Amino acid sequence: MGLVIAVANQKGGVGKTTTTMNLAGAFSASGYRVFVADADGQQSCMSWAATADPEKPLPFRVGAVRKLEKNIGNEIGRLADDYDVVLVDCPPNIDDLTTGRVLAVADATIVPTNASPLDLWSSEGMMALIERTRLHNKAGKFAILVSKTNAKTVLHKQMSEVLRESNVLLLRTAIRQREVYPQAAALGRTVFDVRGIRGVKPAKEEINALFDELVELLNSEEEAAEVSHG
Ligand SMILES: Nc1ncnc2c1ncn2[C@@H]1O[C@H](COP(=O)(O)OP(=O)(O)OP(=O)(O)O)[C@@H](O)[C@H]1O
Ligand SMILES: [Mg+2]
C-alpha cells in the first residue's frame, strides 16, 4: 500500500497546488511511482498537466477524484494500491467534507500557510479539523508549511514563533516566493524539469528539503506517540 499525502488548507491561494505538483516532481525524481489526485473542483492540477508539452509529459499521473462523493477515501485507497505515493490536492474550503474525508485516510497532511497574520487567523478552522481528524486517524501526521514567503522578513520570524506554539508541527523548510513557481506552472512543468529559469536551483533545493523532511516525518513515531499519550 502506497503513501497518501494530503495538501490542504481552507484558505485559497496559499500554494496548495504548487506544493502538490512540485512535491510530485520530487517523489518522481527519487524513483517513486506517483499519482496526483485532484480533489479540487477548480481542477488546477488537471489544467497544469494539460498544459505540459505532449512530447514531454510530466513524469507522474494526474487525475481527478470525485469531489463530494462519500467514497473519495476508498477511491484514494485504491490508487494507493497501485502507486507508491498518492498526493491529494484539496479544495480551498473545509465545509463540503471533501478535505475531511481526504485527511481521514492520509498518512501525512501538509498545510501550506502564508506568512501573514491574516492567513494564520483564517487557518483556525483547519486546525480544528486536524484535531477532529486525529481522533480517528491516529497514525496520521500533520504539519504546517510556510509558503510563498520572504524568509528574511521579521514577519516570517514572528509567524514561525506563533505557529511553533500551536499543536501542529511547523516544518523547518519554508517555500520562498519565487517567480520560477508560476513560470514552471505556466509551462505545465515542475521545478525539476524546467531549464534556464532564474531561481530554479534554489527552488529545487527547497522542494527537495521539503521532501526529505516529509519522509522523515512519515518515518517518525513521535507524533503518534504524543497523541496517544494525550
Ligand atoms: N512559492 C511561490 N512563489 C511565487 N508564487 C507562488 C508560489 N507558490 C504559489 N505561487 C503562485 O500563487 C498562486 C496561488 O498558488 P496555488 O494555486 O498553488 O495556491 P492554492 O492554495 O492551490 O490556491 P487555491 O486555493 O485557489 O487552490 C499561483 O499563481 C501560484 O503560481
Ligand atoms: Mg489549488
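Student: Why is lysine 148 called buried?

Tutor: Lysine 148 has 21 C-beta neighbours inside 10 Å, so it counts as buried. The rule is that 20 or more other C-beta atoms lie within 10 Å of the residue's own, with 12 or fewer meaning exposed, anything in between partly exposed, and C-beta atoms placed from the backbone. Bear in mind that this is a predicted model, where local features need pLDDT of at least 70, side-chain atom pairs count only at pLDDT 80 or more, and totals for chains, interfaces and linings use all residues. As for labels, residues are numbered from 1 along each chain as its sequence is written, while chains are lettered from A and ligands numbered from 1 in the order in which they are written.

Student: Which residues is lysine 148 in contact with, leaving aside its neighbours within four places in sequence?

Tutor: Gly15, Asn114, Ile175 and Gln177. Contact here means C-beta atoms, placed from the backbone, within 7 Å. There's also valine 14: its C-alpha atom is 7.4 Å from that of lysine 148, although the two are 134 residues apart along the chain.

Student: Where does lysine 148 lie?

Tutor: In strand S6. Strands are DSSP runs of E with at least two residues, helices are runs of H or I with at least four, and both are numbered from the N terminus. 9 of the 9 residues of S6 are buried, so that strand is largely enclosed by the rest of the structure.

Student: How do you know that S6 pairs with S5 and with S7?

Tutor: Two strands pair if DSSP finds at least two bridges between them. S5 and S6 have 7, in the parallel sense, and S6 and S7 have 4, also parallel, so both pairs meet the cut-off. For landmarks, threonine 113 stands opposite valine 146 in S6, and isoleucine 144 is opposite leucine 170 in S7.

Student: What makes S3 and S7 the edge strands?

Tutor: The open sheet has 7 strands in the order S3-S2-S4-S1-S5-S6-S7, with parallel pairing. Strand S3 (61-64) and strand S7 (169-176) each pair on one side only. The twist averages 25 degrees from one strand to the next.

Student: What makes S2 largely enclosed?

Tutor: 5 of the 5 residues of S2 are buried, so the rest of the structure largely encloses it. Val34, Val36 and Asp38 point one way, Phe35 and Ala37 the other. S2 is joined to S4 by 5 bridges and to S3 by 4, both parallel.

Student: Why is the unit of S2, H2 and S3 called right-handed?

Tutor: The term applies if, with the strands pointing away from the viewer, the path from the first strand over the helix to the second runs clockwise. S2, H2 and S3 make a β-α-β unit of that hand. Helix H2 (residues 44-51) packs on the sheet, touching S2, S3 and S4, at about 140 degrees to S3. Such angles run from 0 to 180 degrees between N-to-C directions, with axes fitted to C-alpha atoms, for helices over the stretch in contact.

Student: How many residues around ligand 1 are nonpolar, polar and charged?

Tutor: The shell divides into 6 nonpolar, 9 polar and 4 charged. Ala, Val, Leu, Ile, Met, Phe, Trp, Tyr, Cys and Pro count as nonpolar, Asp, Glu, Lys and Arg as charged, and the others, Gly among them, as polar. Of the 19 residues around ligand 1, Gly12, Thr17, Thr18, Pro92 and Pro182 come nearest; being near takes a C-beta atom, placed from the backbone, within 6 Å.

Key:
Two residues are in contact if their C-beta atoms, placed from the backbone, lie within 7 Å.
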